[in-house]
Amino acid sequence: MEYDTNKKCLKCYQYNDYLYYCEDCGGTFCNGCIVSEKTDCTYCNECAHISIGSKCDVCGKLNHLTAEKTMKRCPMCSSSKIKDSKRKIEGLSEEFSSNVNLLSTGLDTIKSFSNKYSEIVTSAKHIRRERFGLYPNIEGNLLRIQDLFYEIIQRASEILDKVSQHIYQDARTLIFNQNISVSKLRGIDKTLKIIKTHALSYSNILSDYFSDPLNELEDIEAKVKELKTFSELFDNAIEKFEPEIYELKIAAFANIKVTFPSNKRRKVGTLFITNKKMYFLPKSKLIKKKAKSVPISMIKDVDSKRSIFTGNRLIINMSERNIVKIKCPDNIITKLKFIFGILFNENENYIVTDPYMMENYRANLNFGQLNDKLDKRIKDLKEIPFSSSNYQLKERPIEPRREVESEEVMNLKIELKAAKDTLRELIKAFNERSITPEVYFSRREKTTQKIYMLEQQLQEVQKSSLDFGFTDLLRYYSERHPDRHPTR
Ligand SMILES: [Zn+2]
Ligand SMILES: [Zn+2]
Ligand SMILES: [Zn+2]
Ligand SMILES: [Zn+2]
């Protein structure tokens with residue numbers, strides 16, 4: 001026979017040496033059967049690319065110039081994803097490898113999450129060193145998010161094994177170290193698409209896992225940011241006044257209009273609040289202008305007066321006719337009422353009394369192990385279509401299976417969780433004043449030491465179980481979880 005029997009056009013059934021391949025329906029067509037039509041396109045003057053829509057396919061810019069281009073379309077499904085079949089075949093291994101690489105896009109989610117976490121811990125530490133007292137839940141929530149992070153990483157590691165198993169099953173049907181005929185193209189292309197779906201769903205699962213913790217992290221970020229703006233106001237006023245060393249900074253607001261009983265004229269300035277005093281520093285060009293202060297203990301109550309004509313005000317009652325009036329935007333009035341409410345009740349569950357508790361927090365979240373595992377899996381998977389022993393793998397005698405999580409790891413995890421619970425209980429007991437500071441500090445020290453040691457041990461043990469062979473793992477999962485392929 002003169003022609004390769006595989007090189008047949010699906011439209012006219014003629015043999016042809018030169019065929020096009022449709023990436024949508026998987027058909028191969030000769031030059032004569034491919035539809036060529038002039039199509040209205042747009043031209044990008046940034047990168048000179050011609051695209052069908054109004055956006056540039058390459059750089060994403062909005063195009064304004066129109067262009068006409070002869071587009072090739074599939075005679076069966078009219079898709080424009082038409083490729084030269086020879087080039088498609090030549091690019092298959094490259095395509096396979098970039099599809100497998102997509103597994104690591106999930107890592108970007110983890111990286112950006114852990115970067116955000118580090119930034120927040122660092123600035124929260126800084127704020128606490130400046131002796132800021134509000135928002136005690138910053139610490140508690142960061143601790144919880146840290147626990148959650150390691151749980152997610154553990155899950156991500158387990159799911160990676162399952163996803164790799166799927167990709168492995170599919171990749172095993174591919175053989176790239178020999179010639180590929182056109183007739184195989186459709187099947188291979190379909191397999192590559194399935195692999196891409198597996199890899200992308202892994203990163204989707206990770207983004208999904210991180211979406212709630214990320215929202216919580218953003219809440220904390222907003223709180224820390226607010227404390228930062230307060231801190232800047234305190235810093236700017238440092239030459240004129242500074243709270244006493246025993247005071248905790250609570251909040252500061254600029255451009256507040258205040259009327260004091262001693263001075264009937266309303267003045268504009270910055271209002272500072274600590275857990276002991278309220279300070280007001282009027283705007284003034286005089287360097288020696290002093291801040292007025294009112295001890296919180298002298299304030300009887302705080303009330304807001306609503307008025308359509310003069311705007312809403314906050315009335316601070318100290319004693320009979322001894323009244324401070326504050327005029328400021330409504331959102332600040334709400335905030336001030338909230339803050340005074342906490343300070344009046346000496347709600348120490350709300351105000352952090354130990355600002356140095358934050359010092360124990362480590363700013364870095366460790367996911368190096370998952371990172372290494374991901375690299376290893378990707379490398380192994382990429383080699384599969386090129387290994388000659390491809391089919392021998394299955395026939396190898398089955399070695400005794402190792403458990404994925406050893407008893408040692410499990411016991412360490414249980415101990416670690418118990419120690420973390422103890423720490424949380426301690427902090428709670430201290431805040432509720434049911435234990436003395438001496439007991440608190442000594443027991444906290446011991447518990448944090450224990451947590452640190454357990455974490456180190458756990459890392460060591462997990463590191464040694466990472467060498468766990470790839471094929472053993474695959475066997476483990478193929479026995480327990482039969483591969484279910486998405487079918488079209
Ligand atoms: Zn044809
Ligand atoms: Zn088609
Ligand atoms: Zn462009
Ligand atoms: Zn699969």
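Student: In which loop is Ser78 found?
Tutor: In this predicted model, Ser78 sits in the loop between strand 5 (65–73) and strand 6 (82–84).

Student: What makes the phi of Ser78 worth a remark?
Tutor: The phi of Ser78 is positive, about 55°, although the residue is not a glycine.

Student: Why is Ser78 called partly exposed?
Tutor: The relative accessible area of Ser78 is 42%. Partly exposed covers the range between the buried limit of 20% and the exposed limit of 50%, so Ser78 is partly exposed.

Student: Is Tyr135 buried or exposed, and how do you know?
Tutor: Tyr135 has 8% relative accessibility. Buried means under 20%, therefore Tyr135 counts as buried.

Student: What makes a residue a protein donor of the zinc ion (ligand 1)?
Tutor: A donor is an N, O or S atom within 2.8 Å of the metal. The SG atoms of Cys9, Cys12, Cys30 and Cys33 lie 2.3 Å from the zinc ion (ligand 1), so they qualify as donors. Along the sequence these donor residues are spaced C-x2-C-x17-C-x2-C.

Student: Why is the site of the zinc ion (ligand 1) called tetrahedral?
Tutor: The angles among its 4 donor atoms are 104 to 117°. Four donors count as tetrahedral if all angles lie between 85 and 135 degrees, so the site of the zinc ion (ligand 1) is tetrahedral.

Student: How do you know that Cys9 is buried while Cys12 is partly exposed?
Tutor: Cys9 is at 0% relative accessibility, which puts this residue among the buried ones.

Student: Which residues does Gln14 contact, leaving aside its neighbours within four places in sequence?
Tutor: With those neighbours left aside, Gln14 is in contact with Lys7, Lys8 and Cys9. Gln14 belongs to the segment before strand 1 (19–22). Its C-alpha atom is separated by 8.1 Å from that of Cys30, 16 residues apart along the chain.

Student: Which residues are the protein donors of the zinc ion (ligand 3), and why is the site called tetrahedral?
Tutor: The donors are the SG atoms of Cys44, Cys47, Cys56 and Cys59, at 2.2 to 2.3 Å from the zinc ion (ligand 3). The angles among the 4 donor atoms are 104 to 123°. The spacing of the donor residues is C-x2-C-x8-C-x2-C.

Student: How do you know which class Cys47 and Cys56 belong to?
Tutor: Cys47 has a relative accessible area of 33% and is therefore partly exposed. Cys56 has 4%, and that lies under the limit of 20%, so Cys56 is buried.

Student: How many disulfides does a search of the whole structure find?
Tutor: The search finds 0 disulfides. The test is a pair of cysteine sulfur atoms within 2.5 Å.

Student: In what sense do strand 7 and strand 8 pair, and how do you know?
Tutor: Strand 7 (residues 249–260) and strand 8 (residues 263–274) pair in the antiparallel sense over 8 bridges. Pairing needs at least two bridges, so the two strands count as paired. Ala251 stands opposite Ile273 in strand 8.

Student: What is the order of the open sheet of 7 strands, and what makes a strand an edge strand?
Tutor: The order is 10-9-8-7-13-12-11, with antiparallel pairing. Strand 10 (292–295) and strand 11 (301–305) are the edge strands, as each pairs on one side only. On average, neighbouring strands of this sheet are turned by 35° against each other, direction ignored.

Student: Which strands does helix 5 touch as it packs on the sheet?
Tutor: Helix 5 (residues 182–236) touches strand 7 and strand 8, and its direction makes about 60° with that of strand 7. Helix 6 (residues 330–344) runs at about 120° to strand 7 and lies across several strands, including strand 9 (277–282) and strand 12 (313–319).

Notes. Residues are numbered from 1 along each chain as its sequence is written. Chains are lettered from A and ligands numbered from 1 in the order in which they are written. This is a predicted model: local features need pLDDT of at least 70, side-chain atom pairs count only at pLDDT 80 or more; totals for chains, interfaces and linings use all residues. Side-chain values use heavy atoms; hydrogens and water are left out. Helices (H or I, at least four residues) and strands (E, at least two) are DSSP runs, numbered from the N terminus. Axes are lines fitted to C-alpha atoms, for helices over the stretch in contact, and angles run from 0 to 180 degrees between N-to-C directions. Contact means heavy atoms within 4.5 Å. Donors are N, O and S atoms within 2.8 Å of the metal (3.2 Å for Na, K and Ca); water is not among the atoms, so sites may look incomplete. Four donors count as tetrahedral if all angles lie between 85 and 135 degrees; four count as square planar and six as octahedral if opposite donors are over 155 degrees apart and all others between 65 and 115; anything else is irregular. Buried means under 20% relative accessible area, exposed over 50%, partly exposed in between (1.4 Å probe, protein chains only).
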